[in-house]
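I opened my notebook to look through a structure from one end of the chain to the other. Here is what I looked up, entry by entry.

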Amino acid sequence: MKRIPKQEYTAEFKEQAVKRADEIRSIGRVAEELGLVEQTLRNWIKAAKAGKLNPAGAKQITAEQMELSRLRAQVARLKMELEITKKSFGIFREGSAVKYAWIETQRRSSPLPVLCDALLRRLIEQTFAALTAEEVIARLDAADIANAHASTMNDIWTHPQLKARKRWTTVDSPVGPLPALQPPAMGGDHPARMDPVPALGGHTDVILAQLGYGHRIGEIHKKRVV
């Protein structure tokens, strides 16, 4: 069976994880927050109580080594999921007996959590592919699953809240007036300063002067440096 490379953790990370679990009294919640397997955290807590969480002589892991091991494990898992997804093409159109037989075969070569995640993702994608965005949202709402509508740029452009809060304004430009979105927390009774969009080179001389080249501006233009 293919295996995901074992992740390594710094002594400080282990200690903070155990401390966090002790503070909020929820191993499952802490494991989810830190991206850990719940049993791994349980083992650390047990080792900490026995004074063996970070025993003398144990291999010292740096933060860089910990991050590298995490990335290696993540890449290995993604490769497994991709391979399973390719193999499962069309399997959900088969009968239950064929599906279960195929899954049983794959269990011998892939870790069960990876197999379940890959197949669940495939099933969700196939189911949602035939639905509109509104139909997907309706199903998720009916199942009490948190969700949000992904807005397109046009949706943002015409968003009623932005209009109601007077977040849109107009700025001048070399090609005429252009609509512009004011910075966060600005607009309405507190409009932001929105200067005209400068033409190409419109601020060149000012910047040259600020950089100490004011006495050479004519020379610089003559030599076509700018």
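The entries below go from the whole protein to single residues.

**Entry 1: ground rules**

I am working with a predicted model, in which local features need pLDDT of at least 70, side-chain atom pairs count only at pLDDT 80 or more, and totals for chains, interfaces and linings use all residues. Residues are numbered from 1 along each chain as its sequence is written, and side-chain values use heavy atoms, with hydrogens and water left out.

**Entry 2: the whole protein**

I looked up the helices and strands, which are DSSP runs numbered from the N terminus (H or I, at least four residues, for helices; E, at least two, for strands). The protein has 11 helices and two strands. Along the sequence I read the pattern α-α-α-α-α-α-α-α-α-β-β-α-α.

Next I checked burial (buried is under 20% relative accessible area, exposed is over 50%, partly exposed is in between, with a 1.4 Å probe and protein chains only). Buried residues make up 22% of the 226 residues. I also looked at contacts, meaning heavy atoms within 4.5 Å. Of the contacts with a separation of 6 or more, 45% are between residues 24 or more positions apart.

**Entry 3: helix H3**

I picked helix H3, residues 38-49, and checked its length. The expected span is 1.5 Å times one less than the number of residues. For these 12 residues that should be 16 Å, and the end C-alpha atoms are 17 Å apart, which agrees.

Which residues of H3 are buried? They are Leu 41, Trp 44, Ile 45 and Ala 47.

The buried residues of H3 pack against helix H1 (11-24) and helix H2 (27-34). On the other side of H3, I found Lys 46 and Lys 49 exposed. After H3 comes Gly 51, which has a positive phi, near 75°.

**Entry 4: Trp 44 and the cores**

I stayed with Trp 44 of helix H3, which is buried at a relative accessible area of 9%. Leaving aside neighbours within four places in sequence, Trp 44 is in contact with residues including Tyr 9, Phe 13, Ala 17 and Leu 53. Ala 17 is 27 residues away along the chain, yet its C-alpha atom is 8.5 Å from that of Trp 44.

I then looked up nonpolar cores (sets of buried Ala, Val, Leu, Ile, Met, Phe, Trp, Tyr and Cys residues joined through side-chain atoms within 4.5 Å). The largest has 15 residues, of which Tyr 9, Phe 13, Leu 36, Leu 41 and Trp 44 touch the most other members. H1, H2 and H3 are the elements that give two or more residues to this core. Apart from it lies another core, of eight residues, among them Met 80, Trp 102, Leu 115 and Ala 118.

**Entry 5: salt bridges**

My last search was for salt bridges (a side-chain nitrogen of Lys or Arg within 4 Å of a carboxyl oxygen of Asp or Glu). How many are there by this rule? The count comes to 13.

Glu 33 and Arg 29 form one of them, with their closest N and O atoms 3.3 Å apart. Both lie in helix H2, four residues apart, about one turn of the helix. Glu 33 is partly exposed at 41%, and Arg 29 is partly exposed at 46%.

Lys 223 and Glu 219 also meet in a salt bridge, at 3.1 Å from N to O. Lys 223 is exposed at 57%, while Glu 219 is partly exposed at 33%. Finally, salt bridges that share partners join Arg 77, Glu 81, Asp 117 and Arg 121 into one network.
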